Protein chains: 2
Amino acid sequence: MRVVVPFGAADPKTRLAPVLDADERRALAVAMLGDVLEAVAATGRHPTVVADTGLADATPDDFDCPAPVTVDERPLTAAVNARLPGAGEEGDSADDEAVAVVMADLALATRAALDSLFAADADVVFAPGRGGGTNALVVRHPAFRVDYHGASIRDHRAIAADVGAETATVDSFRLATDIDEPADLVEVLLHTDGRTAAWLRDAGFSVVADDGRTTVTR
Amino acid sequence: MRVVVPFGAADPKTRLAPVLDADERRALAVAMLGDVLEAVAATGRHPTVVADTGLADATPDDFDCPAPVTVDERPLTAAVNARLPGAGEEGDSADDEAVAVVMADLALATRAALDSLFAADADVVFAPGRGGGTNALVVRHPAFRVDYHGASIRDHRAIAADVGAETATVDSFRLATDIDEPADLVEVLLHTDGRTAAWLRDAGFSVVADDGRTTVTR
């Protein structure tokens, strides 16, 4: 199985702008990427990062990516589809190998959660994200293609049905939790202890509890 | 194992007031309770509802609760603690039996997700909710007590450590998704097909996709 981790390196995490400036958002995105790559590596697999711009231009000077990086300037959907089974762009014998796509902002990802995803037996396996996203998936069917616009989990189910691919869904809070908005940051502080949590604590974030859902303060 | 489903029947789901009036919130809460009770029953267990007021006064006329109901006017924390192992209030031989507490607003709960919770082997098993909550738990240790104020998952871990209880955590998006706020409703429409989803569709809710997380419109 090949594991692809798409990484939007150009102006990442804009929905966190209310609490983090552009440099901080970049640093947080890199910390999350590091946590995701480590969790994938812990499963015994070797991820490849697919970035939309050169990481050297977009990341902190001290960032040493622990995985090979390919630059693909196409939008996310096209860049992923070019790497799925049957796409033919790889041009080698691996073209029918299963491909996993794991988003770079899954800061809660663990080896156990990813093992469940990778081990699920179906043509296409989904890990839904909150709010209709598709945070991770495994593709073993040569006709399935992604479309990350809109409510992608619904679209992906329809696409799988259209091409006759059997699907499975992994029920994981960790994989469902992508970090996009200020309210998401508390999940990192409550449920992880990796680079991302350390970065947030260093930046002055801490957990605050009120009457509704718990959030963060800085 | 006894399964307790606390149900706040008096003015439920106030954080949904921006999109639902009081009668509607009550009807939605009852639909969710029905879905949760059905999922528990599918695991082969017989849940008991613990409500903070008489259900007959607080629910639609046609509501026929499929599980026995006990009224307990105490706050949630006290009402749950009175029913945990070692509390002694039950006054019978079941006092050392394991107790599961499953919140009534887990509209995405399924038999499989609850089986994972009930089967996990530890003195205390947690299913964390988004935003620091504790959406479900299983207690087998006679000294563990709940405290649902604030970031309860963090407090519950500390309480377990204080009494020397071994803990486990179930990683489930379905059990992490309590329905409290308007943005949560889309998860019901995208991932379930029970009473709650039917009620929302009848009330005119549908999924809308924008550039961020998918949400609902009415």
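Student: Starting point: a polar contact is a pair of N or O atoms within 3.5 Å; within protein, one must be able to donate a hydrogen and the other to accept it. With that in hand, which residue caps the N-terminal end of H1(B)?

Tutor: Asp21(B) does. A side-chain oxygen of Asp21(B) lies 3.1 Å from the backbone nitrogen of Asp23(B), which means the distance falls within the 3.5 Å cut-off. Keep in mind that this is a predicted model.

Student: What follows the helix?

Tutor: Gly44(B) follows H1(B), and its phi is positive, near 90°.

Student: How far apart are the end C-alpha atoms of helix H1 of chain B, and what span should we expect?

Tutor: The helix covers residues 22-42 of chain B, 21 residues in all. At 1.5 Å a residue it should span 30 Å, and the end C-alpha atoms are 30 Å apart, so the two values agree.

Student: Switching to the interface. How many residues are in contact?

Tutor: On chain A 31 residues touch chain B, and 31 residues of chain B take part in turn. About 2500 Å² is buried between the two chains, with carbon and sulfur atoms giving 49% of that area.

Student: What rotation superposes chain A on chain B?

Tutor: One of 180°, with 0.0 Å of shift along the axis and an RMSD of 0.0 Å. That is the relation of a two-fold axis. Both copies use the same surface: 100% of the contact residues of chain A recur in chain B.

Student: Which residue of chain A comes closest to the rotation axis?

Tutor: Phe173(A), whose C-alpha is 1.9 Å from the axis.

Student: Back to salt bridges. How many does the structure hold over all chains?

Tutor: There are 28. One example is Arg15(A) with Asp180(A), whose closest N and O atoms are 3.7 Å apart.

Student: Where do those two residues sit in the chain?

Tutor: In distant parts, 165 residues apart. Arg15(A) is in the loop between strand E1 (2-7) and helix H1 (22-42) of chain A, while Asp180(A) is in the loop between H6 and H7 of chain A.

How values were computed:
Residues numbered from 1 in each chain as written. Chains lettered and ligands numbered in written order. Predicted model: local features only at pLDDT ≥ 70, side-chain atom pairs only at ≥ 80, totals over all residues. Heavy atoms only, no water. Contact = heavy atoms within 4.5 Å. Buried area = accessible area lost by both parts, 1.4 Å probe. Least-squares fit on C-alpha atoms with pLDDT ≥ 70 in both. Helix = DSSP H or I, 4+ residues; strand = E, 2+ residues; numbered from the N terminus. Expected span 1.5 Å × (residues − 1). Salt bridge = Lys/Arg side-chain N within 4 Å of Asp/Glu carboxyl O.
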